[in-house]
Amino acid sequence: MGLGCLLTSGLIGLALAAPLFGAVAHAQGNGLVGARAAARDISAGVAVTGATVQRSGGTAKFLFDLNRIAQVEAYVLADPDRVVVELPETSFLIDPAIGRLAPAGRGEPAPLVSSFRFGQFAKGRSRIVFDLAEPARIVKATAEATESGGAAHLVIELAQTPADSFRAAARAARAAQFQKAPAREEAAAEAQPQTKPLIVIDAGHGGVDMGAVGAKSIYEKDIVLDVARRLAAKLAAGGKTRTLLTRTGDEFIPLGDRVKVARKAGAQLFVSIHADMLNETSVHGATVYTVSDRASDAEAARVAAKENDADKAGGMADSEEIGDVNDILFDLTRRETRAIGHQFAMSLIDFWKAAGDSNKNPVRSAGFVVLKAPDVPSVLLELGYLSNDRDLAKLNSEDWRQTAAERIAQAVERYFNRRSAASEPSAATAGLGAGLASAR
Ligand SMILES: [Zn+2]
């Protein structure tokens, strides 16, 4: 559904003061309520210590226990349909599994909210994202002081609304968010020009976007961050390469920003680390993906679609794509970059095959947004499947994660050894890349 048209009527921003602070205002209109609760003291950290969920017919109510009043903003987004609640940086001292809500029983109406998740979105900002099964309007989104001293409740109330009202609210919210969004470019600024090749290590997902969730609340975002850190440590110990991580903590980073980090830093290689999940429990082993316009097979297309949804899981309106420049130089560079990426993918999977840890069909390609830097060879490694018992046990083992990091490090070092032994100038990363300045 095209959402190109941005309404100028804008987001109805309404001050919804908590009762403690005076008048209470409610507004609905188009099913859109921008709600803000007055903040008395935003210097102390906010913590969520408990959560209660009430769902019935066409309504849903969520009550989060807060240690104090915090500023709250809520809005809806479409495709997929979500409610996003913005908070200052918040510690969630509750089990993330609470967000996996039970589906409707047989014959029961679908619940308004199918699931929700929470976590850091950016420095100083956290989010709660509700996935909607039906179009909903925000009846209430406010932090209210409880009677007993400093504690507060964050109250989110949603009600079913007609689809066209929901769409109108989502368009307005999207327009408002676009006006606010700052560009994130901090990480790359630290990179210094040096002679050792630079590898950007990208731990998938993070913060409010948890990625795949395995049994016993094992999260893809945690596993891949651990492997990324171990890989950086291993490469640093080897002393032959430099590394830069797209994220070093439990933080949400949009896909487009991950690509920008690699391009701005002039990386020679980009390695994105993930773990997959299927309904089918017997599929196992690692797979390396490269970028292509047409998916190598249906399975690769499925994985790319799922990974490309990461921005939506984080509550963003749209993924930012590197614009296709209709230019021969651009095209040549991209082709060369992709060929190099494929070479590295083949070399990387050799180490997994040798250990008997690879998938049956371990090298595939599809349109992954995070691999689309036209001048940085990029691969995405799915370490294994959280849905397979044997893989899950491995992914959950520190020893195995260390071994996994060492395999990737060996592949990276061998790859750069061979490239420098061939002593040809690195076309994709030096000469041709420079011609792309205008495309950046
Ligand atoms: Zn992933």
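**View 1. Aspartate 79, an exposed residue in the loop between S5 and S6**. Aspartate 79 counts as exposed because it has 12 C-beta neighbours inside 10 Å; a residue is exposed if 12 or fewer other C-beta atoms lie within 10 Å of its own, buried if there are 20 or more, and partly exposed in between, with C-beta atoms placed from the backbone. This is a predicted model, in which local features need pLDDT of at least 70, side-chain atom pairs count only at pLDDT 80 or more, and totals for chains, interfaces and linings use all residues. Residues are numbered from 1 along each chain as its sequence is written. Have a look at the backbone here too: phi of aspartate 79 is near 55 degrees, a positive value in a residue other than glycine.

**View 2. The cis peptide bond between aspartate 79 and proline 80**. Omega of this bond is about -5 degrees. Proline 80 sits in the loop between strand S5 (73-77) and strand S6 (82-88); strands (E, at least two residues) and helices (H or I, at least four) are DSSP runs, numbered from the N terminus.

**View 3. Lysine 216, with a positive phi**. Here phi is near 55 degrees, in a residue other than glycine. Lysine 216 belongs to the loop between strand S13 (213-214) and strand S14 (218-219), and it is exposed because 8 other C-beta atoms lie within 10 Å.

**View 4. Valine 72, a buried loop residue**. You will find valine 72 in the loop between strand S4 (59-66) and S5. Valine 72 counts as buried because it has 24 C-beta neighbours inside 10 Å.
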